[in-house]
Amino acid sequence: MSVQNTAQGRSTRLPLVAGGILLLGLGIFLGRSFETPKPASAASRDTTSKVARDKNAMDQERLAVLEQQVLRLQADGMRQQLPAAQASEQAAPKTAEVTDPSAPKPDRAEAARLAELARLKFLDGLADKVNTEPRDPSFRNQTEPVIAQLLPERFGAGVTVDKISCASSICRARVSHPGSTHLSNEKLTAFLDKRGALASLELQLDTREDGVTTLYFLRQQEPQPEQ
Amino acid sequence: MKKLSSLVMSACVAAVCLTSGVAQSGTTVGGTACRERYPYGIGLVYSNNSVLSGNYTQGTTVTCPVPVDHDLGSTADFTVVVSDNSTTYNYACYGVAYDATGVLRGTSPTKYSTNSNGTAQTLSMSISGVDPGADWSFAVVCDIPEYSSQILSVRAY
């Protein structure tokens with residue numbers, strides 16, 4: 001009886017022990033698989049981080065160089081576009097933050113003077129063109145009489161028109177108005193509203209001489225579409 | 001490598017922004033900016049950002065100032081978008097440039113509309129010899145035909 005009991009007891013305990021061993025094994029396996037992997041060695045960890053640090057440092061250096069180049073470009077652009085930089089007074093303190101403080105300060109008067117010089121150069125160029133360009137008899141015969149007729153008619157009393165001359169792409173007329181420094185807007189408007197065949201020509205006014213306005217009529221090509 | 005390329009890209013973008021930021025862009029105003037030159041009160045209508053003529057207001061002249069706060073370069077180009085409903089009259093538009101003291105310095109040739117069916121049409125014109133950076137002011141002057149013809153927009157660039 002006791003032997004039988006003992007045998008029975010063994011047979012019931014054996015699966016329990018085997019189950020326990022299995023559970024233990026499973027626990028060890030799971031424990032290892034969820035464990036955070038460690039670096040192979042401290043030396044390899046240091047090498048990896050050093051490479052990363054070097055790369056980061058190089059990137060930082062390149063970024064710094066690029067930032068300097070951007071700032072230099074910005075400053076150059078502002079110096080070239082002096083009047084544009086002056087356009088907004090509010091923008092001034094903003095730009096001052098990013099530009100070299102030793103950079104020359106935009107000078108509005110100087111910009112205006114340079115602009116006027118450019119304008120005078122342009123007008124001198126027109127005068128040269130009238131004097132040097134080959135004559136186009138057809139253009140001349142069509143245009144000079146119209147100028148000679150229309151200008152005195154539209155400008156009215158107190159204004160004399162002389163020295164009318166046409167080349168091949170440009171005409172010039174000298175308008176004297178001794179009573180006033182400039183041709184009045186009223187007279188000019190009267191002309192512009194009804195300029196007949198002259199409406200197809202661009203008009204440029206040279207007003208540098210008091211009491212005299214030189215009008216240039218330019219043949220023009222079609223304007224280029226905006227890009 | 002990827003980092004470097006993104007760096008270069010961002011720098012290039014910045015450089016492009018700087019170079020294209022040079023003030024060469026234009027200014028556009030709606031037709032409501034246009035004002036009758038001799039205001040007889042004959043029935044121009046300002047609506048939906050455009051100016052419309054009345055049925056019997058042919059020959060009305062309007063001036064459309066275009067405020068420009070930047071350098072246009074050596075040439076001022078203009079475009080005017082119009083719709084012409086008149087079979088008898090056309091738009092006649094030209095650009096004008098005044099210096100800082102209000103003295104007329106130049107005008108473009110006059111351009112005319114060719115449609116009469118109300119289809120939007122763009123008239124282009126330009127004035128040369130515009131001083132770089134000069135404090136000039138610009139406007140477009142137009143004769144508007146009748147029958148609710150509209151100026152939709154005016155651009156200087």
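Student: What does the model score for ipTM and pTM, and what is the mean pLDDT of chain B?

Tutor: The model scores ipTM 0.81 and pTM 0.66, while chain B has a mean pLDDT of 83, with 82% of its residues reaching 70 or more.

Student: Where does pLDDT stay under 50 in chain B?

Tutor: Where pLDDT is low, the predicted coordinates should not be read in detail. In chain B the stretch concerned is residues 1-23, where pLDDT stays under 50 and for which the model has 22 contacts beyond four places in sequence.

Student: How do helices H6 and H7 of chain A pack?

Tutor: Two packed helices are described by the angle between their axes and the distance between the axes. Here helix H6 (residues 137-155) and helix H7 (residues 185-193), both of chain A, pack at about 135° with their axes 8 Å apart. Because of that angle, H6(A) is oblique to H7(A), and the crossing of the two is right-handed.

Student: Which residues make the contact?

Tutor: From H6(A) come A:Leu151, A:Arg154 and A:Phe155, and from H7(A) come A:Lys187, A:Ala190 and A:Phe191; sorted by class, this contact has four nonpolar residues, two charged ones and no polar ones.

Student: How many helices and strands are there in chain B?

Tutor: Chain B has one helix and twelve strands, and along the sequence its pattern begins with α and continues with β. Of the chain's 157 residues, 41% are buried, and among contacts in chain B with a separation of 6 or more, 72% are between residues 24 or more positions apart.

Definitions and conventions:
Residues are numbered from 1 along each chain as its sequence is written. Chains are lettered from A and ligands numbered from 1 in the order in which they are written. This is a predicted model: local features need pLDDT of at least 70, side-chain atom pairs count only at pLDDT 80 or more; totals for chains, interfaces and linings use all residues. pLDDT is the predictor's confidence in each residue, from 0 to 100. Two residues are in contact if their C-beta atoms, placed from the backbone, lie within 7 Å. Axes are lines fitted to C-alpha atoms, for helices over the stretch in contact, and angles run from 0 to 180 degrees between N-to-C directions. Helices (H or I, at least four residues) and strands (E, at least two) are DSSP runs, numbered from the N terminus. Angles under 35 degrees count as roughly parallel, over 145 as roughly antiparallel, 65 to 115 as roughly perpendicular and the rest as oblique. A crossing is left-handed if the near helix is turned anticlockwise from the far one by less than a right angle, and right-handed if clockwise. Ala, Val, Leu, Ile, Met, Phe, Trp, Tyr, Cys and Pro count as nonpolar, Asp, Glu, Lys and Arg as charged, and the others, Gly among them, as polar. A residue is buried if 20 or more other C-beta atoms lie within 10 Å of its own, exposed if 12 or fewer, and partly exposed in between; C-beta atoms are placed from the backbone.
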